[in-house]
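Biologist: Hi! I have some time to go through this protein with you. Could you walk me through it?

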Amino acid sequence: MQLIINIVFLVVLAIAFLGFWGLYLYLWKPKKLWPAWLAYILVVAGWFCAVRYYFLYQVDLYGTPWYEWLNLFRTESYGIVFAIFLCIPVFIVLALIYALVNRISHKVPIEERTGRRAFFRTVGTLVPLAAMGGAGYAAYEGQREIVVTHESFGYTNLPPGLADYKIVQLSDIHIGPSIDLDDFDEILRLALLEHPNRVVITGDLIDKIQWLPEVCDRLKVFAKQIPDGVDYILGNHEFHHDVNRIVNDIKTKTPLNVLINENIQIMGGKQPVYMTGVSYDNERRKENREAMIDKALSGIPNNAFVILLAHHPEFFDEAIERNVPLTLSGHTHGGQIILFGMPWVPIGTPYVKGRYTEKNSVCYVNNGSGHWFPIRINCPREITVITFFDGVAQ
């Protein structure tokens, strides 16, 4: 399945790059096409090889003098790709207008036709420059910016042990091409500054499997500094790589609680508190989610307060049906690009970012503490700090 996705992505990318240049040359109207095409193909091929080199040898390059420059090059490459996709619809509109104007006024004097050509050449040049500048800035800021969000959740008859209890949620870190070990160190540092009682990692931890030993070393040290420990669940990206190795290494080389359709009691008393986690449903079917969550909730008393960790927020529907008080999710990256209050990246779920309340259940969707695609607009990377209080949330 991942191979098919990669092939489709490369085909779409190739069509976009060829379509962009074809439309640009239509507006520019060079005397000879083949030198322009040859130069473009050589530049794109060189750029692609450089990006590919970074992806393949990132781990080996890490720590070398060249790494920071290549890292910036990778970030801005995402901006270039995004800009090209932005330019294509604009170029199509310009090309249609150009063709229509030429058809209507093909008998006008040569001076007017020359001026018209110069106008479309200028616009055709300014559009990609503006798009690449804006997209490059969005990629740079998206890669750099991370916010710490504080959220308070109120419940009537809250278990006494949860009053002022602090949980830090990390999600979608995606240690790999976009988020390296330095970025991971910064995420863990910011989490520790909040002095949480507990930390949860809601999936998509790692994409570069070669860094798994270093990640486990860092998590081992980090978890020892968290009083009540760290809980971890799987996301979809773990299944894109060696999920069995990831689970085995985290279980055997770190003190993290790996919750795969299971639960642990984290507080006792008359109203015990349970942390429960579900795996990721690759088939995205309701019956699969119901089976997973029922297994995860198995053995929990009816009077317990349950915190559900579910990478995909679509599990919130099943949580509502089972009166689960709090669900912590990620996966959506908050929509990545938010304009006019709407996500412009297809998500496939109504639960995109932030807090959602239905009946007796609440879901919080983290923007992602990392990402695999750095362009973010009005949706920075996020570390969520969750505290509880006895009472009704306003």
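**Loops, domains and salt bridges**

Modeller: Gladly. Asp164 is exposed, with a relative accessible area of 65%. Keep in mind that this is a predicted model.

Biologist: Where does Asp164 lie?

Modeller: Asp164 sits in the loop between β1 and β2. Its phi is positive, about 65°, although Asp164 is not a glycine.

Biologist: Which residue has a positive phi of about 75°?

Modeller: That is His331, which is not a glycine either. His331 is found in the loop between β9 (326–329) and β10 (338–339).

Biologist: Back to the loop between β1 and β2. Is Asn157 buried or exposed?

Modeller: Asn157 counts as exposed, at 62% relative accessibility. Its place is in the loop between β1 and β2, the latter strand being 166–170.

Biologist: And what does Asn157 touch, not counting residues up to four places away in sequence?

Modeller: Gln271 and Asp390. Asn157 and Gln271 are 114 residues apart along the chain, and their C-alpha atoms are separated by 9.3 Å.

Biologist: Okay, zooming out. How is the protein divided?

Modeller: There are two parts, with domain 1 covering 1–142 and domain 2 covering 148–390. Their C-alpha centres lie 37 Å apart.

Biologist: How many residues are in contact between domain 1 and domain 2?

Modeller: On the domain 1 side there are 18 residues in contact, and on the domain 2 side 19. The two domains bury about 1500 Å² between them, with 58% of that on carbon and sulfur atoms.

Biologist: Which residues in domain 1 lose the most area to domain 2?

Modeller: Val59, Tyr62 and Tyr78, which together account for 36% of what the domain 1 side buries.

Biologist: How many salt bridges are there between domain 1 and domain 2?

Modeller: The count there is 0. A search of the whole structure, though, finds 17 salt bridges.

Biologist: Let's look at some, then. What does Arg355 pair with?

Modeller: Arg355 forms a salt bridge with Glu151, and the closest N and O atoms are 2.6 Å apart. Arg355 lies in strand β12 (residues 354–358) and Glu151 in strand β1 (residues 146–155), so this pair ties together parts that are 204 residues apart in sequence.

Biologist: Is Glu151 buried or exposed?

Modeller: Glu151 counts as buried, because its relative accessibility is 17% and the buried class means under 20%. Arg355 is partly exposed, with a relative accessible area of 32%.

Biologist: Which residue does Arg245 bridge to?

Modeller: Asp249, with the closest N and O atoms 3.8 Å apart. Both residues lie in helix α8 (residues 243–253), 4 residues apart, which is about one turn of the helix. Asp249 counts as buried at 6% relative accessibility, whereas Arg245 is partly exposed at 33%.

Biologist: And what about Glu318, what is its partner?

Modeller: Lys286 is the partner, and the closest N and O atoms are 2.6 Å apart. Glu318 lies in helix α10 (residues 316–321) and Lys286 in helix α9 (residues 286–297), so the pair ties together parts that are 32 residues apart in sequence. Glu318 is buried, with a relative accessible area of 0%, while Lys286 counts as partly exposed at 32%.

Biologist: Which residues are linked in a network of salt bridges?

Modeller: Arg284, Lys286, Arg289, Glu290, Asp294, Glu314, Glu318, Glu321 and Arg322.

Biologist: New topic: what makes the nonpolar surface patch of about 400 Å²?

Modeller: Leu3, Ile7, Val11 and Ile15 make that patch. Val11 is found in helix α1 (residues 2–28), and it is partly exposed, with a relative accessible area of 44%.

Biologist: One more, and then I'll let you go. Where is Ile146, and what does it touch?

Modeller: The place of Ile146 is in strand β1, and at 21% relative accessibility it counts as partly exposed. Leaving aside residues up to four places away in sequence, Ile146 touches Ile187, Leu190, Ser369, Arg381, Glu382 and Ile383. Ile146 and Ile187 are 41 residues apart along the chain, with their C-alpha atoms separated by 8.6 Å.

Technical notes
Residues numbered from 1 in each chain as written. Predicted model: local features only at pLDDT ≥ 70, side-chain atom pairs only at ≥ 80, totals over all residues. Heavy atoms only, no water. Patch = residues over 30% accessible without salt bridge, like charges linked within 9 Å, V, L, I, M, F, W, Y side chains within 5 Å. Areas by Shrake-Rupley, 256 points an atom, 1.4 Å probe, with all protein chains shown as cover. Salt bridge = Lys/Arg side-chain N within 4 Å of Asp/Glu carboxyl O. Helix = DSSP H or I, 4+ residues; strand = E, 2+ residues; numbered from the N terminus. Buried < 20%, exposed > 50% of the residue type's maximum accessible area, 1.4 Å probe, protein only. Domains from an automatic or database assignment. Contact = heavy atoms within 4.5 Å. Buried area = accessible area lost by both parts, 1.4 Å probe.
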